[in-house]
Amino acid sequence: MSVRRPRLSDVAALAGVSEKTVSNVLNNYPHVTERTRSKVEAALAELKYRVNLSARGLASGRTGFIALAVPGIDNPYFAQLAGHVIEAAAEHQWTVLIEQTGGANSVESQVIAGATSYFVDGIILHTEALDAADVLARHEEIPLVLAGERSLDRVADHVVADNVSASRDLTQHLLDTGRRRIAVVGIEPSDFTASALRFEGYLAALRGAGIPPGPVVSVDGYGRNTGAAIVPALLADEPDAVICFNDVLASGVLHGLLAAGVDVPRQVAVAGFDAIDETAYTTPPLTSVEWDTQDLARRSVELLAARAKGGVQPPRKVSVGYRVIVRGSTAPAPRAPGHR
């Protein structure tokens, strides 16, 4: 005897609201009170209700959609990643819905546990705010793959890049060019985000060379305008090299240094992360860590597809490659007078 699939009317009855209200929540209608939305989402979770798109013509019972949630599509790195995810998803007959989270815990939580999860066959999330407890609290029947750097092992399938090794290699490159006072911008060692992992790699390279850490400059954001604005404070610490959290920030720092009359790289070298397209065309071209975003996207979609087929197995962790692309912004430092 088959078990009847929960209907919209069942959700409405359990939540004590109308079917129209349930529909409004599922369609993310903005004028639903938070209390009502919470009641409906609790009922959806209890009944394990899924939007029955098969009734609209999808005989397979799949929705045909997956969600990709990233902090900001205005960042060229995430735009590039989204393009690769769309290509990989097409091979599985999936259409990709893009969610922009702003790196906010509340929005990321809504993506994996709110109405979005009822419309899709799975979610790829590049998280910057959720912790392990947040991820474990999601609806476990919705396949989830974490993509990116945040350290959240053993709570969901995870595709990562080795930020520690990449940052160590980038810092070592600057040391090899003769730099000895290397500043970091936007990298805070306060949690398990990419910034902390990159800071760890930076410190490891300096320890290996017997050189103390350079200045650490905090920022309020990671845009070009922020990078340019912090240049005066940066120069007050007299670095001979700067490693930035990402290339967008590094492009702003590079612009601010040149506007201040600083010769890059003769006086100050600049490097970043992500190797976005524009870095090949800055003045001078920017040295950067390039992640294999195509492989990251492909692996993420493959893990999602495997998880969507069902079965129980422990969360898997997959690493993707990187390389340091050396360009004109980190040419060797000039030798001191009389140095041979």
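## The chain as a whole

Of the 340 residues in the protein chain of this predicted model, 50% are buried. The chain exposes about 15,900 Å², and carbon and sulfur atoms supply 51% of that area. Its secondary structure comprises 12 helices and 12 strands.

How much of the contact set links residues 24 or more positions apart? Among contacts with a separation of 6 or more, such pairs account for 67%.

## Strand E10 and its two partners

Let's turn to E10, which spans residues 287-291. Four of its five residues are buried, so the strand is mostly covered.

E10 pairs with two strands, E9 and E12. With E9 (residues 269-273), the pairing is parallel and has three bridges; here Gly272 has Ser288 of E10 as its bridge partner. With E12 (residues 322-325), the sense is antiparallel and four bridges make the join. In that pairing, Glu290 sits opposite Arg323 of E12.

## The buried side of helix H1

Which residues of H1 are buried? In this helix, residues 8-15, they include Val11, Ala12 and Ala15. These three lie on the same side of H1, because they cover an arc of only 100° around the axis.

Helices H2 (19-26) and H3 (34-47) are among what covers the buried residues of H1.

Technical notes: Residues are numbered from 1 along each chain as its sequence is written. This is a predicted model: local features need pLDDT of at least 70, side-chain atom pairs count only at pLDDT 80 or more; totals for chains, interfaces and linings use all residues. Side-chain values use heavy atoms; hydrogens and water are left out. Buried means under 20% relative accessible area, exposed over 50%, partly exposed in between (1.4 Å probe, protein chains only). Contact means heavy atoms within 4.5 Å. Accessible areas come from the Shrake-Rupley method with a 1.4 Å probe; for residues, only the protein chains shown count as cover. Two strands pair if DSSP finds at least two bridges between them. The arc is that of the directions from the helix axis to the C-beta atoms.
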